[in-house]
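Subject: Structure handover

Hello,

Here is the structure I promised to pass on. Please open it first, then read the notes below.

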Amino acid sequence: MMPKREKTEYTIQAVMNALELLEQFKGDVNELGVTELSKRLSLHKNNVFRLLATLEAKGYIEQNKLNENYRLGVKCLELG
């Protein structure tokens with residue numbers, strides 16, 4: 001019989017990155033820009049932008065049009 005695989009072997013990296021991105025907005029952090037998120041997550045700016053665009057399309061993130069930073073969207077409140 002084959003040894004049982006750890007659940008961590010089944011994780012999807014893109015989903016992990018998206019969740020880690022969302023977790024950057026905890027505490028007193030209201031808004032963050034692409035550059036800051038890129039540094040915090042050690043991801044290329046293009047990858048961060050695409051994650052943000054995907055989360056924004058589903059309502060989990062929204063962009064402040066005045067300064068172009070991002071913040072949690074209404075969907076996060078609905079889940080909470």
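This is a predicted model: local features need pLDDT of at least 70, side-chain atom pairs count only at pLDDT 80 or more; totals for chains, interfaces and linings use all residues.

E36 has a charged partner. Its side chain meets that of R40 in a salt bridge, with N and O 2.9 Å apart. Both residues sit in helix α2. They are four residues apart, about one turn of the helix. R40 is also partly exposed, at 37% relative accessibility.

How many salt bridges are there by this rule? The count comes to three. The other two both involve R71, as follows.

R71 forms a salt bridge with E31, and the closest N and O atoms are 2.9 Å apart. R71 belongs to strand β2 (residues 70–72), while E31 is in the loop between α1 and α2 (34–41), so the pair ties together parts that are 40 residues apart in sequence. The side chains of R71 and E31 also make a polar contact, at 2.9 Å. E31 counts as partly exposed, with 25% relative accessibility.

The side chain of R71 meets E62 as well, in a salt bridge of 2.8 Å, N to O. E62 is partly exposed too, with a relative accessible area of 29%. Shared partners join E31, E62 and R71 into one network of salt bridges.

R71 and F25 are 46 residues apart in sequence, yet their C-alpha atoms are 7.2 Å apart in space.

F25 leads on to the core. The largest nonpolar core has 16 residues. Which of them touch the most other members? L21, F25, L37, V48, L52 and I61 do. Helices α1, α2 and α3 (45–57) each supply at least two residues of this core. The largest share comes from α3, with four residues.

L37 is then in contact with L21, Q24, F25, L32, V48 and L52. Among these, L21, F25, V48 and L52 are listed with L37 as core residues that touch the most other members.

Next, helix α1. N17 lies in this helix. Is N17 buried or exposed? It is buried, because its relative accessible area is 15%, and the limit for buried is under 20%. Not counting residues up to four places away in sequence, N17 touches L43 and L51.

Last, the surface. I12, V15 and L19 make a nonpolar surface patch of about 270 Å². I12 is placed in the segment before α1 (13–23). I12 is exposed, because its relative accessible area is 55%, and exposed means over 50%.

Then go to the network of E31, E62 and R71. After that, turn to L37 and its contacts, including V48 and L52. Finish at the patch made by I12, V15 and L19.

Best wishes

Key:
Residues are numbered from 1 along each chain as its sequence is written. Side-chain values use heavy atoms; hydrogens and water are left out. Patches are made of residues with over 30% relative accessible area and no salt bridge: like charges are joined within 9 Å, nonpolar side chains (Val, Leu, Ile, Met, Phe, Trp, Tyr) within 5 Å. Accessible areas come from the Shrake-Rupley method with a 1.4 Å probe; for residues, only the protein chains shown count as cover. A salt bridge is a side-chain nitrogen of Lys or Arg within 4 Å of a carboxyl oxygen of Asp or Glu. Buried means under 20% relative accessible area, exposed over 50%, partly exposed in between (1.4 Å probe, protein chains only). Contact means heavy atoms within 4.5 Å. A nonpolar core is a set of buried Ala, Val, Leu, Ile, Met, Phe, Trp, Tyr and Cys residues joined through side-chain atoms within 4.5 Å. A polar contact is a pair of N or O atoms within 3.5 Å; within protein, one must be able to donate a hydrogen and the other to accept it, and residues adjacent in sequence count only if both atoms are side-chain atoms.
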